[in-house]
Amino acid sequence: MYLDFHTHGKLAKYLPFSTAYTDWLLAEAGAAGLDAICLTEHFNTQQFDEVYGYIAEHGRPVGDAFAFDGLRVFPGMETDIAEGGHVLCIGPMDAIRELNRRLEPHKAKGSFLPFADLARLFDEYPVLVGAGHPFRAGGHIPDLPSELLARFDFLDLNGKDIAEDRARTERLTYGFGHQLQKPVVAGSDTHQAVQYGCIRTHFDRDVSTFRELYAEMQAGRYNIAVHPDAAAKVRTAGLLKRALKEIHALGGDYVEVLLRESGESPAVLAAKHRLAG
């Protein structure tokens with residue numbers, strides 16, 4: 001089973017939620033060879049609950065995941081912390097949506113929770129907690145006290161950072177994992193489908209629940225595959241993302257432009273994908 005632990009369902013957090021764009025992302029994830037993704041949308045993205053409500057309503061429940069035309073979507077979230085850095089959590093849909101609602105007072109810059117407070121909140125829910133791209137500039141997760149570092153269940157070997165400097169990212173992240181005795185798994189960190197497959201985690205067996213997933217992670221029954229053209233995939237995705245955001249800024253419909261080559265409207269594509277799921 002090929003799984004991407006760190007993905008997004010929107011082009012950017014400040015843009016309106018587009019079901020057609022999300023349908024396109026999910027279809028492209030499967031086309032890129034992924035069997036499953038963790039949808040770790042930013043906790044302060046616009047319409048967070050609508051995104052996850054859409055996944056819950058239109059996906060076919062398979063254990064803790066939701067299937068879209070064979071692709072399993074595991075719910076998750078990416079949260080900013082006051083110290084600087086991003087924390088991932090993955091868990092049951094109801095838990096992720098409730099956690100997001102409880103974080104409403106802390107979504108603006110300047111009001112992010114310290115990790116100690118966030119960890120106490122996570123302790124109330126059956127979620128796995130990950131250190132997102134722990135060595136990216138501006139983040140301070142490695143500087144947290146040891147008792148807080150112990151709260152992480154996994155570390156994110158991030159595709160964007162691999163593309164920028166693979167040797168440094170692997171050396172620091174795997175070293176950090178060895179220090180904490182925590183599994184290191186892979187996430188593309190994509191907002192744009194070209195980036196799928198730049199890095200992925202290959203598990204020896206299929207899983208559909210978080211209990212099964214965590215057992216495989218702890219047992220080390222997986223390996224990480226980095227695409228030989230990872231840097232080019234990430235760079236191309238970044239260029240396309242900026243172009244689509246510029247279309248939106250100029251008043252255009254970036255989703256219609258993106259999907260125009262298919263010869264079908266975004267609404268038709270979305271309907272087809274929902275029926276296939």
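Is Tyr222 buried or exposed? Tyr222 is buried, with a relative accessible area of 17%. Here buried means under 20% relative accessible area, exposed means over 50%, and partly exposed lies in between, computed with a 1.4 Å probe on protein chains only.

## Basis of the report

The structure is a predicted model, in which local features need pLDDT of at least 70, side-chain atom pairs count only at pLDDT 80 or more, and totals for chains, interfaces and linings use all residues. Residues are numbered from 1 along each chain as its sequence is written, and side-chain values use heavy atoms, with hydrogens and water left out.

## The chain as a whole

The protein chain contains eleven helices and eleven strands. These elements are DSSP runs numbered from the N terminus: helices are H or I with at least four residues, and strands are E with at least two. The radius of gyration of the protein chain is 18 Å, close to the 19 Å that the globule rule gives for 277 residues, so the chain is as compact as a globular protein of that length. This radius is taken over C-alpha atoms, and the globule rule is 2.2 Å times the number of residues to the power 0.38.

Along its principal axes, the C-alpha trace of the protein chain spans about 55 × 40 × 35 Å. Of the 277 residues, 52% are buried. Contacts (heavy atoms within 4.5 Å) can also be sorted by separation in sequence. Among those between residues at least 6 apart, 73% join residues at least 24 apart.

## Helix H7

Helix H7 covers residues 166–180, which is 15 residues. From its first C-alpha to its last it reaches 21 Å, close to the 21 Å expected at 1.5 Å a residue. The expected span is 1.5 Å times one less than the number of residues in the helix.

Which residues of H7 are buried? They are Thr169, Thr173, Phe176, Gly177 and Leu180. These residues cover an arc of only 100° around the axis, which puts them on the same side of H7. The arc is that of the directions from the helix axis to the C-beta atoms. On the other side of H7, Ala167, Arg171, His178 and Gln179 are exposed. The cover over the buried residues of H7 includes helix H5 (146–149), strand S8 (154–158), helix H6 (159–164) and strand S9 (184–187). Just after H7, Gln181 takes a positive phi of about 60°.

## Helix H1

Helix H1 (residues 19–31) has 13 residues, which should span 18 Å at 1.5 Å a residue; its end C-alpha atoms are 18 Å apart, which agrees. Its buried residues are Ala20, Tyr21, Thr22, Asp23, Trp24, Leu25, Leu26 and Ala29. Just after H1, Gly33 takes a positive phi of about 95°.

## Aromatic rings

Rings of Phe, Tyr and Trp (its six-membered ring) pair if their centres lie within 6.5 Å; planes under 30 degrees apart count as stacked, over 60 as edge-to-face, and the rest as tilted. By this rule the count comes to eleven aromatic pairs. One of them joins Phe5 and Phe154, whose ring centres are 5.7 Å apart and whose planes are at 45°, so the pair is tilted. Phe5 lies in strand S1 (residues 2–7) and Phe154 in strand S8, so the pair ties together parts that are 149 residues apart in sequence. Phe5 is buried at a relative accessible area of 1%, and Phe154 is buried at 1%.

The rings of Phe203 and Tyr222 have centres 5.4 Å apart and planes at 45°, so this pair is tilted. It links distant parts of the chain, with Phe203 in strand S10 (residues 199–203) and Tyr222 in strand S11 (residues 222–226), 19 residues apart. Phe203 is buried, at 0% relative accessibility. Ring pairs link Phe5, Phe154, Phe203 and Tyr222 into a cluster.

A charge is also found over a ring: Arg200 lies over the face of Tyr2, at 3.7 Å from the ring centre. The rule for this is that NZ of Lys or CZ of Arg is within 6 Å of the ring centre and within 35 degrees of the ring normal.

## Two single residues

Leu39 lies in strand S2 (residues 36–42) and is buried, at 3% relative accessibility. Not counting residues up to four places away in sequence, Leu39 touches several residues, among them Thr7, Val51, Ile55, Phe74 and Met77.

Arg101 lies in helix H3 (residues 93–102) and is partly exposed, at 48% relative accessibility. Arg101 and Phe43 are 58 residues apart in sequence and 9.3 Å apart in space, C-alpha to C-alpha.
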